[in-house]
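Please read the points below with the model open.

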Amino acid sequence: MKTDESGTPGGKSKKREGIARIVLVSGPVVKAVPAEKFSMNEMVEVGEERLAGEVIGLEKGIATIQVYEDTTGIQPGTPIFGQGLPLFVELGPGLVGEIFDGIQRPLKVLRERWGDFIHRGKIGTALPREKVWSFEPILKAGDDVSPGQRLGKVPESKGVDHFILVPVEVKGRLKWIANGGSYTLDDVIAEIESHQGQTYRIKLYHRWPVRKLRPYKERLMPSEPLITGQRVIDTFFPLAKGGTAAIPGGFGTGKTVTQHQLSKWADADIIVYIGCGERGNEMTGVLVDFPQLLDPRTQRPLIERTILIANTSDMPVAAREASIYTGITIAEYYRDMGYDVALMADSTSRWAEALREISGRLEEMPAEEGFPAYLASRLAAFYERGGQVTTLGDHRGSVTLIGAVSPPGGDFSEPVTMHTKRFVQCFWALDKELASARYFPAINYLQSYSAYVSRVEQWWGKRVGGEWKGLRSEAMEILQEDAKLQNIVKLLGEEALPDDQKRIIESARLIKDDFLQQSAFDPIDTYANPEKQYLMLETIMHFIRRLKDIIEARVPLYKAMELPVVSEIHRMKFVYKGDDPGPFKDLESRIDQEIEKILKKQASKSYTTFTTGAA
Amino acid sequence: MKNSQDTNKLDHMSRPPIEYMGIDSVNGPLIIVKDVRDVGFGERVEVTGPDGAPRQGRVLSISEEAAVIEVFQGTSGLNQPDSRVRFTGRPFEIIVSRDEVLGRIFGGLGQPIDGGPAPFKGERRNINGYPINPVARAYPRDFIQTGISAIDGMNTLVRGQKLPIFSGSGLPHNDLAAQIVRQARLLTDQEGFAIVFGAMGVRHDEAEGFRRSFEESGVLKNVSMFLNLADDSTVERLITPRIALTVAEFLAFEEGMHVLVILTDMTNYCEALREVATSKGEVPSRKGYPGYLYSDLASIYERAGRLTDRTGSVTQIPILTMPDDDITHPIPDLTGYITEGQIVLERALFQKGVYPPINVLPSLSRLMSDGIGEGRTREDHRDLSSQLYAAYARARQVQRLASIIGEEDLSVTDKRYLSFARAFENRFLSQKSNEDRSIFDTLDLGWELIMLLPEQELTRVRKEEIEKYGKGNGKNSNAGNQEQPASP
Ligand SMILES: Nc1ncnc2c1ncn2[C@@H]1O[C@H](COP(=O)(O)OP(=O)(O)OP(=O)(O)O)[C@@H](O)[C@H]1O
Ligand SMILES: [Mg+2]
């Protein structure tokens with residue numbers, strides 16, 4: 001009878017250690033012979049220090065290896081040890097609230113070992129073995145089990161129950177399951193006998209190769225919005241749970257702040273945030289803020305649902321390539337438990353550049369701008385791993401993917417942006433002009449789009465009870481008309497326009513300044529729930545509709561724009577939270593009162609003119 | 001957690017030196033030596049030509065057949081059979097101790113050029129440094145007052161930030177940097193501070209200008225200068241900023257000092273990198289620069305910050321000149337993608353006689369929002385700055401419009417924007433090169449100017465703020481217990 005420790009593909013074969021010898025070192029790339037010792041994508045360890053690496057090419061008897069750590073001092077002749085399994089991550093309790101590097105080394109442990117700076121070399125395991133978890137069985141001995149079923153659970157944090165699942169290829173009968181109690185990751189908590197008579201011993205964790213997608217039963221059509229609390233996103237370019245989105249933009253246009261906002265406020269169960277080739281301080285910022293901020297749904301600190309992967313721009317570039325896969329595999333794992341997961345990758349361009357750098361060192365034939373020809377297929381494969389699914393265990397789970405794109409010179413016609421555009425359903429285009437006027441979020445509403453508008457319409461209708469899509473289109477039309485008029489304004493000035501067109505300009509200005517613009521740093525404005533978004537837009541559109549009456553009555557437009565309610569409209573986002581519609585309704589009636597007042601004045605004035613004229 | 005990052009304890013490479021006679025080929029800054037044994041990637045090399053002067057180099061790639069070495073002082077005069085190549089068995093390192101580096105001037109490879117001795121009693125440190133563990137970082141939030149309104153008011157610098165100056169040839173970036181160094185000094189004279197100056201390919205007179213400015217403001221004894229000048233070897237420039245930062249990190253994280261690092265001119269650095277890449281026959285990316293320019297620059301710029309368990313800080317102000325004033329050129333572009341904002345100088349403002357000619361619109365300080373506000377600068381700082389941005393952005397559009405249709409045909413509001421723009425440029429942006437404005441003066445001035453606009457245009461400031469700071473003329477508004485602004 002064969003036993004399997006963890007039930008993963010990687011764990012099946014007994015570890016064999018092929019040894020080869022380095023013949024060349026060039027930065028993160030080394031070559032070794034004989035190649036027959038290794039298989040493609042096998043994990044290796046380099047030299048006596050056991051630096052982590054991965055086989056990325058086998059050709060003409062030579063193995064090409066990318067090394068995830070600094071290679072200074074490595075010499076030809078140094079041995080390389082094959083690990084007999086592909087690059088994997090450890091999946092089990094102990095992920096949530098933690099920060100890992102691109103190959104899942106826990107950064108807190110690294111700090112205990114090496115101090116404030118990161119050095120290289122082998123370091124224990126990704127998940128702590130000594131930590132004790134409390135496990136509670138869900139199934140009982142004798143039950144029939146099938147892949148992906150929940151065997152039991154571990155409270156991983158106050159907000160997250162970590163379900164221990166039946167391994168993906170195991171079908172059979174539960175021979176034995178541990179009683180509720182405390183266990184470490186290495187304890188066996190269940191034994192399953194497969195129909196073939198094979199016994200699988202289940203632990204709280206298992207390994208999974210990062211480049212292999214985790215299976216599910218069925219792919220569903222995303223139809224529920226992922227509410228982010230950001231008005232321009234939720235109301236204008238909504239994202240769906242299980243959807244895909246890209247945020248392209250030049251430097252300083254707001255990619256990271258937007259992704260941080262989404263990590264904070266998105267109504268997902270788990271957030272995986274990958275800092276891929278970006279700043280160390282941005283990761284630190286998350287580590288400082290998230291324990292203090294509360295999840296609006298659970299009132300628990302946000303860090304309790306967040307997993308961070310950091311390959312900062314000064315860390316080795318090969319691990320940057322790996323960080324994306326490490327992150328997405330972890331995301332899929334929580335999806336398989338039945339959770340809605342949102343994954344942020346900041347920035348996918350750095351990942352693409354890592355591919356380019358490695359490809360260059362391999363002397364591959366470059367395609368556009370030096371990127372390898374397989375860039376597009378890698379991007380496609382990444383976004384393909386998002387989606388809403390029925391899991392193997394018949395739960396519903398999703399992975400929503402949000403990738404930042406950093407186009408050189410802010411020019412969207414470059415390869416990474418162009419290809420990404422083909423594979424995502426939401427495109428939030430950031431605009432340098434808007435950012436430089438400190439108009440945030442600097443999402444250009446003319447260039448951006450979302451394919452989910454009709455899909456989430458029903459949800460909105462139910463939630464806010466109003467005509468969400470109609471209101472949205474009405475506002476959108478004004479913005480589009482305004483864009484046309486702005487071309488004239490640029491040449492002739494606003495004064496040159498008739499009042500009716502000025503009305504469009506002023507209306508658009510209200511939508512832009514008082515609805516779309518939203519400060520991430522204001523304690524209230526930072527998050528707007530769906531009700532608040534709807535009520536705000538309702539109120540603004542109400543005022544805008546009344547402006548038509550003003551024009552028809554030939555009252556000069558500026559009189560309406562000077563009304564006291566206008567400054568109340570300016571302020572509403574900073575003042576109300578949206579849990580009570582009262583203030584918005586009051587504001588609407590004050591709008592009516594004030595408008596009526598000037599209309600009446602005008603009426604009596606024209607009457608006077610008329611009567612005096614007649615006299 | 002106060003492990004030193006001393007390389008001896010943790011580093012891998014340490015082997016007695018090996019020497020070879022003869023070079024197999026020379027290609028630009030690169031030499032190739034065949035049939036070497038036991039040589040490691042990245043190790044430091046000394047190459048001695050027939051003239052007997054040793055030159056420094058580094059192993060760029062190593063195979064069983066040959067080592068490719070970049071030689072920092074150039075390869076001219078290295079003849080093939082008579083040159084000696086010594087592989088030192090160690091990475092590129094320098095020796096640092098506080099009193100051996102402060103008040104001193106070194107060349108671009110760290111060799112003393114002020115007549116003093118080479119440091120010998122300190123710690124040996126790998127010039128490439130090590131990535132800071134994000135878990136160990138402290139988020140920078142201590143406001144540094146530079147006395148320059150465009151910076152303090154609208155692009156605030158904080159301790160541990162990396163904030164470059166994007167300039168153009170002939171623009172007064174050196175004056176601005178020197179003014180920052182002079183004015184951003186300690187206000188509360190308690191903590192140690194130091195300035196590390198790294199020059200890459202700058203002219204003698206520019207370097208001398210900086211030295212004199214340090215001397216005049218009496219900080220010279222706290223300055224460590226590393227000079228690779230315009231007529232020095234280009235390849236050497238690849239090393240200079242790394243040496244400067246190694247010294248800065250030592251002073252900050254071992255000696256607890258607040259260190260301001262000026263690196264100028266990063267454009268020369270990038271050109272040197274391109275030169276070496278071209279010699280290696282690499283596939284270039286944009287404009288001939290190597291595909292790894294981003295990672296390479298990041299390995300410099302990320303060496304800034306603060307740590308939770310140590311007192312010091314490294315603040316970086318790199319300076320670069322944008323080729324053709326083009327901010328989308330790969331050098332400023334990739335820099336902007338790495339640094340925590342940028343201060344952008346503009347030729348048009350310079351031609352109008354505005355000093356410092358900082359165009360605030362493309363400028364940015366990403367760490368500003370955490371470094372300002374109540375208890376740090378003043379409660380109204382964020383809203384005021386946001387309002388000034390919005391107003392000046394609109395005012396610039398009006399300026400463009402006015403140049404088409406003429407000023408007379410502008411609307412009443414637009415005319416007010418136009419006069420705001422003038423006042424903003426001439427009074428807020430402009431200041432004398434020795435004028436040191438307090439943050440409160442800067443904010444009050446901002447209010448005075450923003451009030452030139454009709455009140456309903458002020459949508460980003462609160463009513464109460466307008467009452468208190470806009471109309472109250474701000475004079476009594478400085479009371480309160482603000483934190484003292486920090487030294488660099
Ligand atoms: N929603 C927002 N509210 C307020 N300020 C914002 C917002 N978005 C961006 N900003 C401002 O813009 C600055 C730059 O944003 P951010 O760091 O997200 O840019 P980025 O696109 O990620 O740039 P890079 O590509 O260089 O990383 C922030 O520091 C912040 O000041
Ligand atoms: Mg960013």
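1. The structure is a predicted model.

2. Extent of the interface. Chain B brings 82 residues to the contact, and chain A brings 81 residues. The area buried between chain B and chain A is about 6700 Å², and carbon and sulfur atoms give 55% of it. On the side of chain B, the residues that lose the most area to chain A are B:Phe41, B:Pro134 and B:Tyr337, which together make up 11% of what that side buries.

3. Polar links across the interface. Between chain B and chain A there are 32 residue pairs in polar contact, with both residues at pLDDT 80 or more. Which elements of chain B give two or more residues to the side that touches chain A? They are the strands β5 (54-63) and β11 (137-138), together with the helices α8 (293-301), α9 (330-338), α12 (381-405) and α15 (463-471). Of these, α12(B) gives the most, with eight residues. By residue class, the side of chain B that touches chain A divides into 39 nonpolar, 23 polar and 20 charged residues.

4. Salt bridges between the chains. Over all chains the count of salt bridges comes to 93. Six salt bridges are found across the interface of chain B and chain A. A salt bridge links B:Arg462 to A:Asp522, with the closest N and O atoms 3.0 Å apart. The side chains of A:Arg21 and B:Glu64 also form a salt bridge, at 3.0 Å from N to O. Because A:Arg21 lies in strand β2 of chain A and B:Glu64 in the loop between β5 and β6 (66-71) of chain B, this pair joins two chains.

5. Strand pairing between the chains. Strand β2 of chain A, residues 19-26, is joined to β5(B) by two bridges, and the two strands run antiparallel. Within this pairing, A:Val25 stands opposite B:Ile62 of β5(B).

6. The ligand. Where does ligand 1 lie? Ligand 1 is placed between chains A and B. It is surrounded by 19 residues, the closest being A:Lys255, A:Thr256, A:Val257, A:Arg279 and B:Arg366. A backbone N or O atom of A:Val257 lies 2.7 Å from an oxygen atom of ligand 1. For A:Gly252, a backbone N or O atom is 2.8 Å from an oxygen atom of the ligand. A:Glu278 takes part through its side chain, a polar atom of which lies 3.3 Å from an oxygen atom of ligand 1.

7. Cis peptide bonds. Most residues other than glycine have a negative phi, and most peptide bonds are trans. The peptide bond from B:Thr264 to B:Asp265 is cis, with omega near 10°. B:Asp265 belongs to the loop between β17 (258-264) and α7 (266-279) of chain B. A cis peptide bond also joins B:Tyr355 to B:Pro356, where omega is about -10°. The loop that holds B:Pro356 runs between α10 (347-351) and β21 (364-365) of chain B.

8. A positive phi. A:Asp394 is a residue other than glycine, yet its phi is positive, near 65°. In chain A, A:Asp394 is found in the loop between β24 (387-390) and β25 (396-405). A reader may wish to view this loop in the model.

Technical notes
Residues numbered from 1 in each chain as written. Chains lettered and ligands numbered in written order. Predicted model: local features only at pLDDT ≥ 70, side-chain atom pairs only at ≥ 80, totals over all residues. Heavy atoms only, no water. Contact = heavy atoms within 4.5 Å. Buried area = accessible area lost by both parts, 1.4 Å probe. Salt bridge = Lys/Arg side-chain N within 4 Å of Asp/Glu carboxyl O. Polar contact = N/O pair within 3.5 Å; in protein donor to acceptor, adjacent residues only side chain to side chain. Helix = DSSP H or I, 4+ residues; strand = E, 2+ residues; numbered from the N terminus. Nonpolar A, V, L, I, M, F, W, Y, C, P; charged D, E, K, R; others polar. Pairing = 2+ DSSP bridges. Near = heavy atom within 4 Å.
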